[in-house]
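Here is a short tour of the chain on your screen.

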Amino acid sequence: MGKRILIIGAGGTIGRAAAAAALEAGHHVIPASRSTTPAVDLTDPASIDALFAEVAASGPVDAVVCAAGTGVKPGCPVASGSMR
């Protein structure tokens, strides 16, 4: 039997690939992003709490994958030492 996997950032390139791989392996995927239901805004702690409460209400989660983030676009000025 597959695992229940919460994938945060499931709407992005890496998150979509992770979700597809998990589904192909027979797991149940719970996708979460700013545009899914349940929705999550990682800049808002209350949104994160609400996500975990909603997901946990339907059963235990076996794994959480966080593939959320933003990239740096070419030509975007980045302060020296700001990325580690």
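## A word on residue classes

In what follows, Ala, Val, Leu, Ile, Met, Phe, Trp, Tyr, Cys and Pro count as nonpolar, while Asp, Glu, Lys and Arg count as charged. The others, Gly among them, count as polar. Please bear in mind that this is a predicted model.

## The chain at a glance

Let's begin with the overall layout. The chain has two helices and three strands, and from the N terminus on these elements follow the order β-α-β-α-β. Of the 84 residues in the chain, 24% are buried.

## The largest pocket

Now turn to the largest pocket, which holds about 420 Å³ of space. Its lining is made up of 19 residues.

What is the lining like by residue class? It divides into seven nonpolar, 10 polar and two charged residues. Helix α1, which spans residues 13–24, gives the largest share of the lining, with three residues.

## A cis peptide bond

Next, follow the backbone to T37 and P38. The peptide bond that joins T37 and P38 is cis, with omega at about 5 degrees. As for its setting, P38 sits in the loop between β2 (28–32) and α2 (45–57).

## A nonpolar patch on the surface

On the surface, F52, V61 and V64 form a nonpolar patch. Together these three residues have about 220 Å² of accessible area.

V61 is found in the loop between α2 and β3 (63–66), whereas V64 belongs to strand β3 itself. Are they buried or exposed, or in between? V61 counts as partly exposed because its relative accessibility is 31%. V64 also counts as partly exposed, because its relative accessibility is 46%.

## Around I5

I5 and V64 are 59 residues apart along the chain, yet their C-alpha atoms are separated by 5.7 Å.

Then there is A19, a residue of helix α1. A19 and I5 are 14 residues apart in sequence, and from C-alpha to C-alpha they are 8.7 Å apart in space. Why does A19 count as buried? Its relative accessible area is 11%, and buried means under 20%.

Definitions and conventions:
Residues are numbered from 1 along each chain as its sequence is written. This is a predicted model: local features need pLDDT of at least 70, side-chain atom pairs count only at pLDDT 80 or more; totals for chains, interfaces and linings use all residues. Side-chain values use heavy atoms; hydrogens and water are left out. On a 1 Å grid over the protein atoms alone, a cavity is a set of points where a 1.4 Å probe fits but cannot get out, and a pocket is an open set with protein on both sides within 12 Å along at least five of seven lines; lining residues have an atom within 4 Å of a point. Grid points are joined across faces, edges and corners, and a volume is the space filled by probe spheres set on the points. Helices (H or I, at least four residues) and strands (E, at least two) are DSSP runs, numbered from the N terminus. Patches are made of residues with over 30% relative accessible area and no salt bridge: like charges are joined within 9 Å, nonpolar side chains (Val, Leu, Ile, Met, Phe, Trp, Tyr) within 5 Å. Accessible areas come from the Shrake-Rupley method with a 1.4 Å probe; for residues, only the protein chains shown count as cover. A salt bridge is a side-chain nitrogen of Lys or Arg within 4 Å of a carboxyl oxygen of Asp or Glu. Buried means under 20% relative accessible area, exposed over 50%, partly exposed in between (1.4 Å probe, protein chains only).
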